[in-house]
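The sequence and structure come first.

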Amino acid sequence: EHIANQIAAGEVVERPSSVVKELVENAIDAGARRIDVTVEEGGLSLIRITDNGSGIEPEDCETAFYRHATSKLSLGRDLFQIRTLGFRGEALPSIAAVSKVELVSSNGDHGLGRRIIIEGGSLKENEDTPTPLGTDISVKELFYNTPARLKYMKTIQTELGHISDVMYRQALAHPEIAFTLRHNGNQLLQSPGNGDLLQVIASIYGTQAAKGMLGIEAENADYKVEGFVGRPDLTRSNRGAISTMVNGRYIRNPGLQAAMMRAYHTLLPINRYPIAVLQLHMHPSLVDVNVHPSKLEVRFSKEQELYAFLEESIRAVLSQQVL
Ligand code: ADP
Ligand code: MG
């Protein structure tokens with residue numbers, strides 16, 4: 001069991017940002033409206049996530065750390081719901097196998113909850129404790145018992161960069177949830193959680209950038225796109241940032257980015273890339289997430305149509321502006 005968990009950990013827990021990703025997803029799945037993330041030393045010494053979601057029943061707290069003990073997989077047919085296929089019920093056991101985890105959670109019954117401590121996969125404490133509704137989980141000394149893995153970690157700044165990326169994506173995909181991210185005492189993200197995507201953009205890229213965004217909203221029989229794209233004349237960045245969500249989930253798809261850049265093609269100064277946040281909506285049968293469930297990669301069944309739709313929609317918005 002220990003060995004299996006450590007092997008699984010190698011797949012699920014690549015680096016601190018993988019821990020943040022899994023734990024934040026759990027908080028989102030639990031219906032949290034506030035998710036606060038504190039990390040220290042690029043997440044290697046501490047990752048702490050507090051949420052006000054539905055919490056875990058006291059009797060279930062320990063079993064949540066056993067492999068495949070839980071499964072959200074009795075859900076419907078939307079393929080997005082099986083994105084964690086192969087990893088399901090493995091995140092907590094995998095994380096606990098390679099770190100020191102403290103979990104405090106309550107599902108709200110009489111303010112009573114449970115506190116669990118697991119180190120390197122071994123249960124150290126399991127006791128009742130008064131605690132408010134929600135979950136507070138701390139992951140300390142990641143990879144302390146797998147020195148080979150620890151050696152692979154890059155600088156604190158690099159690891160923190162990956163963690164920020166994870167947090168930005170989730171904040172953009174969920175404007176209705178208030179996220180914070182702190183690192184070594186500095187606040188790096190505070191999204192308002194009021195459903196306003198432009199305010200989330202401002203909290204990530206700055207108010208200036210948010211002011212230079214154009215709203216987009218278009219639809220045809222198959223697809224709908226909403227969101228914001230940067231005004232070409234105000235685009236200063238040579239890095240840019242294009243975020244794409246499909247049916248509420250952050251995904252990566254180079255074809256979408258390419259389609260978008262074609263719309264910008266003649267409008268952008270050389271080596272300049274826009275900020276864009278695009279929410280795409282389509283029938284689940286038009287998107288296949290089985291390509292790489294863990295890597296957020298998808299395949300569209302009518303991709304040329306989708307790319308053409310996106311390019312056209314963006315071109316329309318840009319040409320209205322840039323007259
Ligand atoms: P999975 O998310 O694939 O079910 P995990 O190992 O990530 O597996 O989590 C195990 C279980 O622990 C979840 O199914 C859920 O019931 C519970 N859980 C974990 N984190 C939270 C949380 N923040 N709030 C409520 N329940 C949680
Ligand atoms: Mg999970």
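The protein chain has 10 helices and 15 strands, where helices (H or I, at least four residues) and strands (E, at least two) are DSSP runs numbered from the N terminus. This is a predicted model, in which local features need pLDDT of at least 70, side-chain atom pairs count only at pLDDT 80 or more, and totals for chains, interfaces and linings use all residues. Residues are numbered from 1 along each chain as its sequence is written, and chains are lettered from A and ligands numbered from 1 in the order in which they are written.

**Burial and contacts**
- Of the 323 residues in the protein chain, 38% count as buried; a residue is buried if 20 or more other C-beta atoms lie within 10 Å of its own, exposed if 12 or fewer, and partly exposed in between, with C-beta atoms placed from the backbone.
- Contacts require C-beta atoms, placed from the backbone, within 7 Å.
- Among contacts in the protein chain between residues at least 6 apart in sequence, 66% join residues at least 24 apart.

**Nonpolar core**
- The largest nonpolar core holds 77 residues, of which Val20, Ile95 and Met167 touch the most other members; such a core is a set of buried Ala, Val, Leu, Ile, Met, Phe, Trp, Tyr and Cys residues joined through C-beta atoms within 7 Å.
- Helix α6 (residues 156-173) gives the most to this core, with 8 residues.
- Leaving out residues up to four places away in sequence, Val20 touches Val37, Gly43, Ile47, Ile163, Val166 and Met167.

**Helix pair α9 and α10**
- The axes of α9 (residues 254-264) and α10 (residues 303-321) come within 8 Å and cross at roughly 35°; axes are lines fitted to C-alpha atoms, for helices over the stretch in contact, and angles run from 0 to 180 degrees between N-to-C directions.
- Residues making the contact include Leu256, Met260 and Ala263 of α9 and Tyr307, Leu310 and Ile314 of α10.
- By class, the contact has 9 nonpolar, 1 polar and 4 charged residues, counting Ala, Val, Leu, Ile, Met, Phe, Trp, Tyr, Cys and Pro as nonpolar, Asp, Glu, Lys and Arg as charged, and the others, Gly among them, as polar.

- Most residues other than glycine have a negative phi.
- Glu41 has a positive phi of about 50° and lies in the loop between β1 (34-40) and β2 (46-51).
- Glu41 is partly exposed, with 16 other C-beta atoms within 10 Å.
- Glu141 has a positive phi of about 50° and sits in the loop between β6 (134-140) and α5 (147-151).
- Glu141 is partly exposed, with 17 other C-beta atoms within 10 Å.

Conventions. Two residues are in contact if their C-beta atoms, placed from the backbone, lie within 7 Å.
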